[in-house]
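I opened this notebook to record what I looked up in the structure, residue by residue. Confidence comes last.

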Amino acid sequence: MIPSIMAASKPVEPQSGTGLPRWQLALLVGTPIVLGVGAVYLWNRSRTKDGKRNGERKTPEGSASPVQGQDGAPPASREQENMSPLDRAQAAKNKGNKYFKAGKYENAIQCYTEAIGLCPTEQKTDLSTFYQNRAAAYEQQMKWTEVVHDCCQAVEMNPRYVKALFRRAKALEKLDNKRECLEDVTAVCILEAFQNQQSMLLADKVLKQLGKEKAKDKYKNREPMMPSPQFIKSYFSSFTDDIISQPLQKGEKKDEDKDKEGEAAEVTESSGYLKAKQYMEEENYDKIISECTKEVDSGGRYTAEALLLRATFYLLIGNATAAQPDLDRVINMQDANVKLRANALIKRGSMYMQQQQPMLSTQDFNMAAEIDTRNPDVYHHRGQLKILLDQVDEAVGDFDECIVLRPDSALAQAQKCFALYRQAYTGNNPSQVQTAMDGFEDVIRRFPKCAEGYALYAQALTDQQQFGKADEMYDKCIELEPDNATTYVHKGLLQLQWKQDLDLGLELISKAIEIDNKCDFAYETMGTIEVQRGNLDRAIDMFNKAINLAKSEMEMAHLYSLCDAAYAQTEVARKYGLKPPTL
């Protein structure tokens with residue numbers, strides 16, 4: 001599949017898509033791995049029918065109706081004097097429950113404290129309930145330290161006490177203790193088999209916060225890393241109307257030189273840009289940025305081209321901070337070739353999307369369309385943006401415009417089919433699904449050399465559970481692009497979903513890493529599978545390798561979330577013996 005700075009050649013995941021976040025795949029052990037379009041995960045299948053598990057219980061445990069007296073208080077009588085200590089503790093708890101329901105939390109706390117004092121220490125289950133109830137009252141008063149203390153007492157006596165664990169998790173979040181909060185909420189998720197939406201939402205929230213915090217620091221200080229040659233070539237092949245990716249002799253002359261008929265622009269060995277282009281042809285990518293810098297610093301005739309090429313490689317190594325000033329300069333060069341300015345807008349728009357700034361991204365793509373109305377690249381890449389924003393109708397319109405301008409654009413044809421398929425699949429329209437599938441057949445017939453067509457068709461076939469044919473499509477991809485590691489990962493995942501063949505799946509993903517040891521998608525997927533096998537230490541190692549290869553801060557934050565989810569599970573396993581069944 002064609003990688004882009006935006007999508008990094010992974011399955012499209014629109015912002016409003018359904019299904020579990022990928023971190024839950026790293027926790028939900030024993031569930032079939034299903035990645036791809038419109039996948040329905042275990043969470044959606046196993047929600048309780050009455051929906052009660054999704055609510056958050058605020059009331060304490062036990063009866064809220066103590067022995068009746070005139071004002072609701074239990075009468076002091078000889079019967080009470082003859083009650084056992086446990087019965088007297090229960091009566092105090094029941095009185096506290098009534099105060100709790102009436103919103104009299106201080107009175108409730110006094111009653112629960114009395115119950116704790118009366119309860120025999122060997123009655124651990126009852127005692128843990130009294131502590132948990134007092135924690136619930138403290139929670140209403142927003143006394144988070146007291147909530148944590150009482151929940152700790154409750155959990156110490158009843159280690160799998162879900163209510164106490166979840167209440168402690170919420171209090172720990174309020175105290176900004178995200179690490180311990182994550183451990184508690186992970187235990188709750190596993191104990192409840194991922195069926196309570198409240199605990200899952202908290203886990204998702206904390207994992208994202210932890211991921212963002214870690215990624216912000218790590219990404220700022222990361223060592224830039226050049227992607228594999230295959231990734232770079234695939235990236236440039238997604239542009240067809242792009243001066244800097246064309247052979248050396250084309251588009252390299254200034255406009256005033258082109259006006260002089262029969263007079264070619266003089267090419268000298270001192271041109272840093274031309275040297276950079278030569279290095280591109282030789283796949284000597286590490287020298288390109290420095291050569292472009294020479295051209296820019298000398299104010300050479302190819303300054304605009306050098307700025308754009310340098311910015312492109314800054315983006316490829318994940319240095320958006322360095323890329324943006326170069327892109328800004330090219331965009332603001334009113335006398336520069338419009339193709340250069342449009343290409344810079346496409347790349348800045350893709351960068352903004354990767355930074356989760358869709359409004360700025362849309363503005364750049366729209367400006368590119370205004371200044372270069374007949375540039376098929378603008379519509380092709382804007383169509384990809386619209387898919388990510390789940391604006392399928394607009395995406396199809398852009399792909400159509402690209403196809404009108406460049407009828408031989410196999411990529412646009414394939415991605416249009418994919419957009420139509422997504423729309424039909426999510427809209428549960430069987431006839432339109434079949435129309436989209438027929439469209440894929442037409443694309444691979446007309447463009448048999450387009451690996452992207454087979455790859456996208458394979459994803460759709462997997463959704464339709466036509467696993468054998470999907471496997472054939474991935475084989476076609478591998479035949480056309482044997483060095484594309486991503487295809488091996490997708491084929492490996494297919495083996496797990498289709499045949500539950502763990503060995504073959506891992507073999508294919510290992511092959512992807514062998515082909516491209518910079519394929520972060522392969523390490524991420526391997527990590528997820530290792531979690532499901534119960535090999536948590538190896539999973540964390542795989543996630544850390546993916547983190548070091550992440551091409552954006554956003555992707556790095558997501559990978560940290562996966563790593564933290566796996567680490568939390570190791571802690572849960574150690575503390576509570578809650579390690580789930582493995583594959």
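**Entry 1, E291.** I began with E291, which in this predicted model sits in helix 14, the helix that runs over residues 288-297. For the side chain I noted a polar contact with the side chain of K294, at 3.2 Å. Leaving aside residues up to four places away in sequence, I listed the residues that E291 touches as G272, Y273, K275, A276 and Y279.

Next I looked up F239, which I found in the loop between helix 11 (229-237) and helix 12 (255-258). F239 has a relative accessible area of 5% and is therefore buried. Which residues does F239 touch, not counting those up to four places away in sequence? I recorded S245, N343, I346, K347, D377 and H381. For H381 I also took down the C-alpha separation from F239, which is 8.8 Å although the two residues are 142 residues apart along the chain.

I checked the pLDDT of the chain, which averages 84, with 82% of the residues scoring at least 70. Over residues 63-73, however, the pLDDT is below 50, and the model gives this stretch 17 contacts beyond near neighbours in sequence. The pLDDT also stays under 50 over residues 250-268, for which I noted 21 contacts beyond four places in sequence. Where pLDDT is low, the predicted coordinates should not be read in detail, so I list these contacts as part of the model without reading them in detail.

How values were computed:
Residues are numbered from 1 along each chain as its sequence is written. This is a predicted model: local features need pLDDT of at least 70, side-chain atom pairs count only at pLDDT 80 or more; totals for chains, interfaces and linings use all residues. Side-chain values use heavy atoms; hydrogens and water are left out. Helices (H or I, at least four residues) and strands (E, at least two) are DSSP runs, numbered from the N terminus. A polar contact is a pair of N or O atoms within 3.5 Å; within protein, one must be able to donate a hydrogen and the other to accept it, and residues adjacent in sequence count only if both atoms are side-chain atoms. Contact means heavy atoms within 4.5 Å. Buried means under 20% relative accessible area, exposed over 50%, partly exposed in between (1.4 Å probe, protein chains only). pLDDT is the predictor's confidence in each residue, from 0 to 100.
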